[in-house]
Structures are given as C-alpha cells and as structure tokens.
Amino acid sequence: MLRSGLKPAHYLSPAVLAAEQESIFRSLWVFAGFGQVLKTPNAFLTRDIGGIPVVVQNFDGELRAFENLCAHRQMALQWEAYGKRSLICRYHGWAYDGNGCVKGIPNASLYRYAEAERAGLCLRRFAVRSIGNLVFVNLSPHPLPIEEQFHTEFLESLERASATFDDEIIHTSFPAAWNWKLNFENVLDPNHIQFIHPKTFYPLLGDGGQPVELELSPTILPIHEQMQAGAPVDLRDLSYAVHSPVAVSRPWYRDLVERYGELDDYYNWFIFPDVNFCSVHGQMFLLQQFSPVAADLTDFHLTVVTARRREPEADFSALLRELIRREKIVIDEDGVALSALQRQLHAGAPSAAHGDYESHIVRMLRWYAGAVARAAA
Ligand code: FES
Ligand SMILES: [Fe+2]
C-alpha cells in the first residue's frame, strides 16, 4: 500500500487552496487556451489562472498576456472566453497598446492625471509560451524555463499533436462542485471506468465488445519502486503521454480530417497541474482543465477540436456540437461521483490507501504536498 501524505484538509481547506494557488498555479506554466484561434490581430482568450484574470491577445502577430483588469477601476477588459476585439475597456473606453499601457483615454480632461501618473498606467504582463497550438502562461515574475517543468520529448509530442488541430474549436466551461485534485486523480485512474462509465466509456476499452481485464502495467513498476523507497519526485515526470488501443470504430468523418499518428489508439497527455488532453485515433481531440476556484469548487473547461479538415469549406459546427455533447455525458458521470465524494469528505476522514496501480497518483500528490508545504512554511 502507498500513502501520498495528503490529508482530507488538502481537499477542504481555504488555507491549502491559497498555498497551492501561490506555489503551483502562480509559479508553474499553466495551460491558457488554443493558439490556432488567436492567429489574427486582436484575437484573444481569457482565463483565470491562480485566482488572477488573464487575457492573452494577438498584437501584430505576437501573443502577449496581461492581467485582465483595467488600470482605471478594475473592469475586465475582455469578457468572453475567446473573441476578437481591440484591448479597450468597455466601462469608460480606455484603450491599451501592445505593452499593456494606456494609449487613449476618452474625455481625458475629466481625469486631470499628471503626465507621470498617466505614463505609469500599465497592466501587469505575464510570460506566454506556445507549444504548437497549446498556449501556456506563467504568472511568476521569474518564470522557470518551460523545459524545467516538462520533458523535452513531452513538449515535442504536444507540439506535433496540436499542430494537426483544425482552426475551429468548441469550448464550454461549467462550475464543478469538487476539489480540482480529485479530477486530476480521476483521469489518472483507469480502474474507475468500469464502475462509473459502464455503458458509455467502458465498452470502448474492450476488444471487439469484450471488456478486457485491467492488468498492472509494467511501466508503473519503476514508479512504484520509487514511491516505496520515498525517493524525491522530479516535477517533469508529473506530465507524461500514454496511448492504448481503443475499440471505437473509425468515425464517419474519418476521411474528412487529417490525422496525428498512425494508430487507432486512445492518446492521453497528462499536463500537470490541471489538464488532461486526449485524442481518439489522432482525429478528434479533447482537452479538459480543472481550474481551482475554492477548495470545493472547480472551473471545468472543456474544449473539443478535430484534426484539420481536408475541405476548408466543410461545415463542422454540427459535428463539433455532437462531439462535445457526447463527451459531456461521460464527464457528468464522473461529476456525480466526484461531487458525492467531496460532499462527504470531512477533516477527520481517513486518508487514501493507494494500490500499486495508483503509483502515478501518489507521485503527483507527493510532489504537490511538498510544494504546498513550502508555500505554507
Ligand atoms: S474601468 Fe476601464 S475605463 Fe474605467
Ligand atoms: Fe471518468
């Protein structure tokens, strides 16, 4: 049996949330959105990261990230998750330049700012890195090199997979009444699928309709040994890619889109701290992100995109709606379970007793516990 060292308080306490926002979400590179829809000037996305509202916007071809709060009276500058609009506040019309500094104030004579005061009206700027079509932001004033957070082969694989994305995405977000870590643990845990998704996801994992018995993967053994020995955990190991055969027949749109890879597989990329990016057959991609809002509340972001369409004129809107609808059914099955878990959890509850197959989860939680303890110290 393995123990992660986490207590129920790690899933319940506002103080723990504050420590993880600081030591994880405001220190690491965090996924912010899809770059292929930001290719034209003024295209933008918004996202809350580590409790900070962020806008990533295209300025003359370059992506820049700023705090999404007007320097005047803190109105959000951009309101939608994705859009295309100059960086101008909707409240009193202040306009910002590519450095995030105020370049225009309507009715300027009302304010009577001194010249030096006005010159200092700039937004907080953050580091941005595009890995293929996946855009990451780092809120730290001294961001660690992204290669210290992710293995180079992992970054290359994200880059190759996301390079096949089509330009049209479908995106939704909704509140989820559970701690964000429960969701990351859940996607790392193939053993729940049989029980939580018996009619939806589980039949797809078998071979020709016959469900397969799950076996301990040989790749988990070294991780298990590492955990048993209490060896230190490398942050880069927390994000990794796997793929396995899946019994989904090739979909009707298979010839309409290009493809990542050559396997009829289910691809999974776990991007620590809060993203599960996956693909069926390299033709349909799904990205789910679990952004913490409170100890028992998570912003669930869900985006679906296909591989690039072969016929630029083809209309994919109905297809994308249908794909995201089906994914949401499976996610809602997890939601019923995870919200029940969260509701019952209390400070005196026992800690998790992990089996060997959960060594990935234990590895992630041990690194996490160390980071949170350092922030709280
Ligand atoms: S709050 Fe933005 S212009 Fe007033
Ligand atoms: Fe699930």
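Trainee: If axes are lines fitted to C-alpha atoms, for helices over the stretch in contact, and angles run from 0 to 180 degrees between N-to-C directions, at what angle do helix 1 and helix 9 pack?

Mentor: Helix 1 (residues 14-25) and helix 9 (residues 359-376) pack at an angle of about 100°, and their axes are 8 Å apart. Helices (H or I, at least four residues) and strands (E, at least two) are DSSP runs, numbered from the N terminus. This is a predicted model, in which local features need pLDDT of at least 70 and side-chain atom pairs count only at pLDDT 80 or more, while totals for chains, interfaces and linings use all residues. Residues are numbered from 1 along each chain as its sequence is written, chains are lettered from A and ligands numbered from 1 in the order in which they are written, and side-chain values use heavy atoms, with hydrogens and water left out.

Trainee: Are helix 1 and helix 9 roughly parallel or roughly perpendicular?

Mentor: They are roughly perpendicular to each other, because 65 to 115 degrees counts as such, under 35 as roughly parallel, over 145 as roughly antiparallel and the rest as oblique.

Trainee: Which residues meet there?

Mentor: Val16, Ala19, Glu20, Ser23 and Ile24 in helix 1 touch Trp367, Tyr368, Ala371, Val372, Ala375 and Ala376 in helix 9, contact being heavy atoms within 4.5 Å. By class, this contact of helix 1 with helix 9 has nine nonpolar, one polar and one charged residues. Ala, Val, Leu, Ile, Met, Phe, Trp, Tyr, Cys and Pro count as nonpolar, Asp, Glu, Lys and Arg as charged, and the others, Gly among them, as polar.

Trainee: And how do helix 4 and helix 8 pack?

Mentor: Helix 4 (residues 180-187) meets helix 8 at about 130°, with the axes 11 Å apart. That makes helix 4 oblique to helix 8. Leu182, Asn183 and Asn186 of helix 4 face Asp334, Leu338, Leu341 and Gln342 of helix 8. The residues of this contact divide into three nonpolar, three polar and one charged.

Trainee: Changing topic, what is the strand order in the six-stranded sheet?

Mentor: The order of this open sheet is 10-15-14-13-12-11, with antiparallel pairing; two strands pair if DSSP finds at least two bridges between them. Strand 10 (165-176) and strand 11 (240-245) stand at the edges, each with a single partner strand, so one side of each lacks a neighbour in the sheet. The twist averages 15° from one strand to the next. Helix 8 (residues 317-344) packs on the sheet, touching strand 10, strand 14 (284-294) and strand 15 (297-307), and its direction makes about 140° with that of strand 15.

Trainee: How many bridges join strand 12 to strand 13?

Mentor: Six bridges join strand 12 (residues 265-271) to strand 13 (residues 275-280). Phe270 has Asn276 in strand 13 as its bridge partner.

Trainee: What about the sheet of seven strands?

Mentor: It is open and antiparallel, in the order 1-9-8-4-3-2-5. Strand 1 (29-34) and strand 5 (82-84) are the edge strands, each pairing on one side only. Helix 3 (residues 152-163) lies across strand 8 (125-131) and strand 9 (134-138), at about 75° to strand 8.

Trainee: Last topic: which cysteines does the disulfide join?

Mentor: The structure holds one disulfide, a pair of cysteine sulfur atoms within 2.5 Å. It joins Cys101 to Cys122, S to S 2.0 Å. With 105° about the S-S bond, the link is right-handed.
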